[in-house]
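Please read the following report alongside the sequence and the coordinates.

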Amino acid sequence: MPAKSAAQQKAAGAALSVRRGETPKSALKGASKSMAECMSETQLEELARTRHESKPDHVDD
């Protein structure tokens with residue numbers, strides 16, 4: 001499942017950092033906080049590594 005926007009990719013990267021113990025959980029807010037709680041490390045890696053060159057900043061679902 002590739003990221004749909006650059007914002008989603010950044011949130012996944014922040015959540016992945018918490019999962020790996022590189023960043024404290026208190027540093028998260030918004031979407032990245034819920035991503036860290038409900039997604040696996042593999043899912044977060046997949047979202048975070050998506051190429052972002054052609055991605056919009058935000059997508060309205």
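Helices (H or I, at least four residues) and strands (E, at least two) are taken as DSSP runs and numbered from the N terminus. The model is a predicted one, in which local features need pLDDT of at least 70 and side-chain atom pairs count only at pLDDT 80 or more, whereas totals for chains, interfaces and linings use all residues. Residues are numbered from 1 along each chain as its sequence is written, and side-chain values use heavy atoms, with hydrogens and water left out.

Ser5 lies in the segment before H1. Because its relative accessibility is 6%, Ser5 counts as buried; the term means under 20% relative accessible area, with exposed meaning over 50% and partly exposed lying in between (1.4 Å probe, protein chains only). A polar atom of the Ser5 side chain lies 3.2 Å from the backbone nitrogen of Gln8.

Two packed helices are described by the angle between their axes and the distance between the axes. The axes of H1 and H2 come within 8 Å and cross at roughly 50°, the axes being lines fitted to C-alpha atoms, for helices over the stretch in contact, with angles running from 0 to 180 degrees between N-to-C directions. That angle makes H1 oblique to H2, since angles under 35 degrees count as roughly parallel, over 145 as roughly antiparallel, 65 to 115 as roughly perpendicular and the rest as oblique.

Within helix H2 (residues 31–38), Ser32, Met35 and Ala36 are buried. Seen down the axis of H2, these buried residues fall within an arc of 100°, so they line one face of the helix; the arc is that of the directions from the helix axis to the C-beta atoms. The buried residues of H2 pack against helix H1 (6–19) and helix H3 (41–48), while Glu37 and Cys38 are exposed on the other side of H2.

Lys29 is exposed, with a relative accessible area of 69%, and Arg49 is exposed at 65%. The table gives a C-alpha separation for each of these residues.

| Residue pair | Separation along the chain | C-alpha separation |
|---|---|---|
| Lys29 and Ala15 | 14 residues | 9.6 Å |
| Arg49 and Ala3 | 46 residues | 8.5 Å |

Technical notes. Contact means heavy atoms within 4.5 Å. A polar contact is a pair of N or O atoms within 3.5 Å; within protein, one must be able to donate a hydrogen and the other to accept it, and residues adjacent in sequence count only if both atoms are side-chain atoms.
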